[in-house]
Amino acid sequence: MTSLGLDAKDGGTSAAPPSGTPASRLPAFLRTMVAAVREAPRRRTLAACWVGLGSLLLYAVVRHLAHVSMIDMVVYRAEGGAVAHGHDLYDLRVTQYLLPATYPPFAAMLFTPTGWVSVPLLRILVTGANLVLLGAFGYLSAVLVGWPRRAMRPALVFLVTGLGVWLEPVFTTLRYGQINLLLGVLVLYDLTRPDSRRSKGIAIGLAAAIKITPGLFAVYLLLSGRVRAAVTAGLSCLATMVIGALVLPHASFEFWTDDLYQTSRVGKEYIVDNQSLRGVLDRVLHTTHSGVSTLLLSAVVAVFGLAVAVGIHRQSGSFARARAWSVLCCAITALLISPISWTHHWVWCVPLVVLLFAEAAHERALPAGHPPPTGGAPRRRWRVAAVLTALCFCSFAMWMVPHKGLSNLRIPYLLQPVAALYPLLGLGFLLLAGERLRRHRRRRRRRSSTTHRASVPGQESGQGPVQAQGLLLPAGRDQA
């Protein structure tokens with residue numbers, strides 16, 4: 001990805017289409033994508049396209065050899081069938097694993113069209129749709145980060161679509177036929193739109209209506225002062241609940257009063273698949289009931305994560321790539337504090353890796369001898385961080401520890417960090433973001449203090465006392 005740096009020289013520019021042409025009638029984000037394709041440097045874009053296609057062909061071979069079942073897609077199809085045929089939604093059990101429905105009634109209503117096609121065809125359609133969503137997620141990540149420049153974003157989309165399938169969360173999402181990429185696209189679409197848009201928040205509300213966890217982004221909007229967008233998200237989610245109650249009254253009552261709070265319906269919290277704080281504590285403490293410990297730790301992480309996210313957002317005028325750092329702090333906080341965050345929920349690794357490579361590109365573009373903006377660390381630190389993070393998400397490391405049944409509770413302490421790879425990366429990111437925010441605020445206070453001293457006669461050189469009319473007066477005192 002570093003080849004997509006801001007210093008690419010082989011790009012071109014293209015004039016905007018005149019008003020009244022078909023392109024000018026497209027939505028704003030589509031017009032931007034069309035313009036990016038027109039401006040894209042041909043050689044680099046084609047190279048990225050071929051790399052992406054080659055990677056996807058290799059993925060297709062691996063996928064065939066792995067006998068991908070797309071078991072979650074089968075559950076979604078059964079949920080849609082239950083709605084269509086009037087069956088009890090939350091009593092159904094699907095596949096040999098007897099998996100139940102775990103999403104809100106409104107989500108099950110959205111799954112109804114999946115029953116119109118056969119399972120083999122649905123596998124092809126869902127996989128294709130997820131690859132398109134992966135490309136859209138990569139594009140929105142570039143918009144969120146503000147890197148690379150617009151002409152290079154088609155190349156980034158090809159690379160993210162082709163190479164992103166090897167990120168374990170994305171690979172597992174495709175393997176199970178999950179909807180995580182759809183939720184990520186909905187959230188990022190809303191958060192990359194201007195705050196002045198009256199409809200901002202609707203997509204987040206829809207994502208929360210499908211899966212509860214994205215609702216934390218509405219809280220994030222509220223705390224960061226974007227009240228209208230937060231209220232819009234809440235009302236959108238509430239509207240879907242009302243629709244669900246009108247169409248499926250019994251299922252809605254059952255879900256919102258009982259099933260929602262039974263995390264055991266979703267799965268066992270202590271297994272390695274669960275990369276949330278709850279899963280980590282269960283495995284470390286060798287227990288299935290780390291309730292109080294999890295609650296306390298989750299509360300601390302929630303407060304810290306949201307505080308850092310909001311703090312960075314408020315410094316967006318001077319904090320480089322503040323929007324991306326802020327949004328990712330919120331996303332990672334949601335993943336950490338959720339009772340269950342399966343490995344495939346961590347598809348937010350896509351914008352995370354894009355952000356780290358953007359930091360590496362910025363660091364590389366600094367003039368020789370220029371100190372890094374956040375201290376005297378080596379100039380290659382962001383490049384190393386980006387590569388290591390990408391490798392960690394491609395490692396499938398947690399699957400290398402014993403994880404069959406109760407063996408999840410007997411993992412040796414030396415292997416616990418491997419079994420908790422994503423939460424440790426998430427906590428490390430939050431601490432890094434918090435430290436960057438602290439340093440940024442300290443530098444701003446220092447500059448403000450320097451500016452204040454320079455505005456007082458006699459203090460430009462930084463001396464303490466000021467000599468006036470033969471008397472030594474303490475610095476900062478009124479000399480009138």
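1. Thr 95 has a relative accessible area of 25% and is therefore partly exposed; buried means under 20% relative accessible area, exposed over 50%, and partly exposed in between, with a 1.4 Å probe and protein chains only. Thr 95 sits in the loop between helix H3 (71-85) and helix H4 (105-110). Helices here are DSSP runs of H or I with at least four residues, and strands are E runs of at least two, numbered from the N terminus. The phi of Thr 95 is near 65°, a positive value in a residue other than glycine.

2. On the basis of the model: it is predicted, local features need pLDDT of at least 70, side-chain atom pairs count only at pLDDT 80 or more, and totals for chains, interfaces and linings use all residues. Residues are numbered from 1 along each chain as its sequence is written, and side-chain values use heavy atoms, with hydrogens and water left out.

3. Phe 396, although not a glycine, has a positive phi of about 55°; Phe 396 belongs to the loop between H17 and helix H18 (416-419), and its relative accessible area of 24% makes Phe 396 partly exposed. The peptide bond from Trp 147 to Pro 148 is cis, with omega near -10°, and Pro 148 lies in the loop between H5 and helix H6 (153-163). Most residues other than glycine have a negative phi, and most peptide bonds are trans.

4. Aromatic contacts come next. The whole structure contains 15 aromatic pairs, where rings of Phe, Tyr and Trp (its six-membered ring) pair if their centres lie within 6.5 Å; planes under 30 degrees apart count as stacked, over 60 as edge-to-face and the rest as tilted. The pair of Tyr 103 and Phe 111 is tilted, because the ring centres are 6.2 Å apart and the planes stand at 45°. Tyr 103 counts as buried at 7% relative accessibility, and Phe 111 is buried at 9%.

5. The pair of Phe 137 and Trp 348 is edge-to-face, with ring centres 5.6 Å apart and planes at 80°. Phe 137 is in helix H5 (residues 119-145) and Trp 348 in the loop between helix H15 (322-337) and helix H16 (349-365), so this pair ties together parts that are 211 residues apart in sequence. Phe 137 is buried, with a relative accessible area of 0%, and Trp 348 counts as buried at 9%. Elsewhere, ring pairs join Phe 396 with Tyr 59, Trp 166 and Phe 171 in a cluster.

6. The count of salt bridges is nine, a salt bridge being a side-chain nitrogen of Lys or Arg within 4 Å of a carboxyl oxygen of Asp or Glu. In the salt bridge of Arg 278 with Asp 282, the closest N and O atoms are 3.1 Å apart. These two residues are four residues apart in helix H13 (residues 277-285), and therefore Arg 278 and Asp 282 are separated by about one helical turn. Arg 278 is buried, with a relative accessible area of 15%, and Asp 282 is buried at 0%.

7. Arg 381 forms a salt bridge with Glu 363, the closest N and O atoms lying 3.7 Å apart. This pair links distant parts of the chain, with Arg 381 in helix H17 (residues 381-394) and Glu 363 in helix H16, 18 residues apart. Arg 381 is partly exposed at 23% relative accessible area, whereas Glu 363 is buried at 3%. A separate network, joined by salt bridges that share partners, holds Asp 195, Lys 200 and Arg 226. Within the bridge of Asp 195 with Lys 200, the closest N and O atoms are 2.5 Å apart; Asp 195 is partly exposed at 39%, and Lys 200 counts as buried at 2%.

8. A nonpolar surface patch of about 800 Å² includes Leu 222, Val 227 and Leu 235. Patches are made of residues with over 30% relative accessible area and no salt bridge, like charges being joined within 9 Å and nonpolar side chains (Val, Leu, Ile, Met, Phe, Trp, Tyr) within 5 Å; accessible areas come from the Shrake-Rupley method with a 1.4 Å probe, and for residues only the protein chains shown count as cover. Helix H11 (residues 227-247) gives the largest share of the nonpolar patch, eight residues, while Leu 222 lies in helix H10 (residues 216-223).
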